[in-house]
Amino acid sequence: MGESLSIILVGCGNMGRALLQGWAADQFQLDAITVVDPDAQAGRACDAAGVKWVAALDELVASRADVVVFAVKPQVMAKVVPQYAKRPTDTLFVSVAAGTRLATLSNWLGDEVAVVRAMPNTPAAIRQGMTVLCANERVTDEQRALCARLLEAVGEVAWLEQEGLMDAVTAVSGSGPAYVFLFIEALTKAAVSAGLSHALAQRLATVTVAGAGQLALTEELDAKALRESVTSPGGTTEQALKVLMADGGLEDLIQAAVKAAERRGRGLG
Ligand SMILES: NC(=O)c1ccc[n+]([C@@H]2O[C@H](COP(=O)([O-])OP(=O)(O)OC[C@H]3O[C@@H](n4cnc5c(N)ncnc54)[C@H](OP(=O)(O)O)[C@@H]3O)[C@@H](O)[C@H]2O)c1
């Protein structure tokens, strides 16, 4: 793409680094990006990647930016974000902080400011993330397209018009990787109980989840149809699914888990 967008990335920990790597791979012009992060390790990573780095906002030389991306922990957002309030009003602000509402961001930055709230997930680290975006009414179509390009560098992007559903998104794709890791753990334990070595058990469980996920992504059939297509009447899979799909089984547990995460998200917000 070779795109020369001026970007200020505030916070370069796990998510910030994932974004930087995605932008580098998508050939955004790295010399137009400045990272603000007090952590020397983040600084070293930026130096190695050829990205400008400053430890604090007051060291920033260029004041103009097309986009400012906040990738700091939610608990420091209230301290960090207001420091960026005095930027030109054509700057787009993007926050990936879990739980920080658009209204809160506008309170800190000013009502006239264009703000997008983004909810990415951990597979962003390998550019296989799922990010849901929600914009306030100040964001132009051009800025929406720009924001989508920035997040598409780490995976897929979807827009949500009702911010109220962001807690549901967080409970599904935000927390979802942890549910899948638990499934891999459980399948590994069951494989060990069935007599396999731990190393083989872990490999079977992990590659099966990754392969099935990839198949579900690429096939036109939905997950239900795929499941039915591998379930022969009277076969082994059917016996296992009878257990998983019984009352109180996997589906009921997932429903309850997502509800619990959603409730927590609402509480935190
Ligand atoms: N990781 C994920 O997969 C994921 C998924 C969805 C959403 N998010 C969101 O992404 C945000 C960042 O998460 P993370 O996992 O990347 O956290 P992280 O690894 O802790 O990174 C945050 C970085 O921000 C730095 N920082 C602290 N104060 C700062 C300041 N005043 N100015 C600039 N930088 C500052 C931290 O430095 P110090 O270490 O020195 O404090 C750290 O390097 C969170 O709000 C989280 O909700 C993350």
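Reader: Which residues of helix α2 are buried?

Author: Helices are DSSP runs of H or I with at least four residues, strands are runs of E with at least two, and both are numbered from the N terminus. A residue counts as buried if 20 or more other C-beta atoms lie within 10 Å of its own, as exposed if 12 or fewer do, and as partly exposed in between, with C-beta atoms placed from the backbone. In α2, which spans residues 40–49, the buried ones are A42, A45 and C46. Viewed down the helix axis, they fall within an arc of 100° (taken from the directions from the axis to the C-beta atoms), so they line one face of α2. This is a predicted model, in which local features need pLDDT of at least 70, side-chain atom pairs count only at pLDDT 80 or more, and totals for chains, interfaces and linings use all residues. Residues are numbered from 1 along each chain as its sequence is written.

Reader: What covers the buried residues of α2?

Author: Contact here is C-beta atoms, placed from the backbone, within 7 Å. The cover includes α1 (14–25), β2 (33–36) and β3 (52–54).

Reader: Which residue just after α2 takes a positive phi?

Author: That is G50, with a phi of about 80°.

Definitions and conventions: Contact = placed C-beta atoms within 7 Å.
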